Amino acid sequence: MCDMCDENAGSDMTRRGLMIGAAAGGLAMAAASPAIAQSAPQNAITPEEALARIMDGNARYVAGERIDHDYSAERAETALAQFPVAGILSCADSRVPPEILFDQAPGDLFVARVAGNIVNATGIASLEYGVLVLGIPLIMVLGHTSCGAVSAAVDTVEDKVVLPGHLPQLTEAIRPAVLAARLQDADDLKSAATTLNVRYAMQGLRLGSAILAEAIDAGKLGVVGGVYDLESGKVIPVA
Ligand SMILES: [Zn+2]
């Protein structure tokens, strides 16, 4: 687990809970603005329905049957408010654009991207906003095949490669997945580490955020994982 998750899972949870409650009140007031009130938002659905919606979109994308978008009309529809159906924590890789691979329109996905789809404080904050204010019913952690960040983390473990700048912060966050993958004695270490990295991020969202954990326990939020196959375009579920 990442350092931040351990820190947030510490003994300060009660005070954090109180602070979160106060902050959520303020955010809720903002969300209740008449300018963005709507009777039947598209994201007033279950986590299962949200998952089906994005996976159906992925199936369309794989089949080459993507919906034609009228971006002018979609801009007009979403200019005053957004009701995204899912939050996506994905890698920053240029070949993994969530809106395209899930065949969704502007306003449909609330996306936090960082190399290696790791869980960090700002990513959690973004997703907390998505859940508290925007009402997203689902978060998917989305890794992908041939991930450079995972490969770099493997190299730091296997070959003791030392990376420049801030890159070690990234690989350190992925390191637990690499170490666990080594224990599995997997044939493909990078592939196994990619899957475990997604699974750890799913756990990290819950452990690192009282807001997300509360929403999960209340059945309002589902957290799922997937690995996007760069070659086939398919998102493979991670249990
Ligand atoms: Zn990547």
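Helices (H or I, at least four residues) and strands (E, at least two) are taken as DSSP runs, numbered from the N terminus. I note that residues are numbered from 1 along each chain as its sequence is written. The model is predicted: local features need pLDDT of at least 70, side-chain atom pairs count only at pLDDT 80 or more, and totals for chains, interfaces and linings use all residues.

**Entry 1: Val198 and Gly208**

I looked up Val198 and found it in helix H9 (residues 189-208). A residue is called buried if 20 or more other C-beta atoms lie within 10 Å of its own, exposed if 12 or fewer, and partly exposed in between, with C-beta atoms placed from the backbone. Val198 has 27 other C-beta atoms within 10 Å and is therefore buried. I then listed its contacts, two residues being in contact if their C-beta atoms, placed from the backbone, lie within 7 Å. Leaving aside neighbours within four places in sequence, Val198 touches Asn117, Val141, Gly143, Gly225, Val227 and Val238. Asn117 is 81 residues from Val198 in sequence, yet the C-alpha to C-alpha distance is 7.5 Å.

Gly208 also lies in H9. It counts as buried because it has 26 C-beta neighbours inside 10 Å. From Gly208 to Ala121 I read 87 residues in sequence and 8.3 Å in space, C-alpha to C-alpha.

**Entry 2: the sheet**

I traced an open sheet of 5 strands in the order S2-S1-S3-S4-S5, with mixed pairing. Strand S2 (109-113) and strand S5 (235-238) are at the edges with a single partner strand each, so one side of each has no neighbour in the sheet. Direction ignored, neighbouring strands of this sheet are turned by 30° against each other on average. Strands are said to pair if DSSP finds at least two bridges between them.

I followed strand S3 (residues 138-144) next: 7 of its 7 residues are buried, so S3 is largely enclosed by the rest of the structure. On one side I find Leu138, Met140, Leu142 and His144, and on the other Ile139, Val141 and Gly143, all buried. S3 pairs with strand S1 (residues 86-90) in the parallel sense over 4 bridges. Leu89 stands opposite Val141, and Ser90 has Leu142 as its bridge partner. S3 and strand S4 (residues 222-228) run parallel and are joined by 7 bridges. Met140 faces Val224 there.

**Entry 3: helices**

For angles, axes are lines fitted to C-alpha atoms, for helices over the stretch in contact, and angles run from 0 to 180 degrees between N-to-C directions. I see helix H3 (residues 47-63) lying across S1, S3, S4 and S5, at about 35° to S3.

Which residues make the contact between H6 and H10? I first checked the geometry: the axes of helix H6 (residues 121-132) and helix H10 (residues 210-217) come within 9 Å and cross at roughly 40°. The two are therefore oblique to each other (angles under 35 degrees count as roughly parallel, over 145 as roughly antiparallel, 65 to 115 as roughly perpendicular and the rest as oblique). The contact is made by Leu127, Glu128, Val131 and Leu132 of H6 with Ile211, Leu212 and Ala215 of H10.
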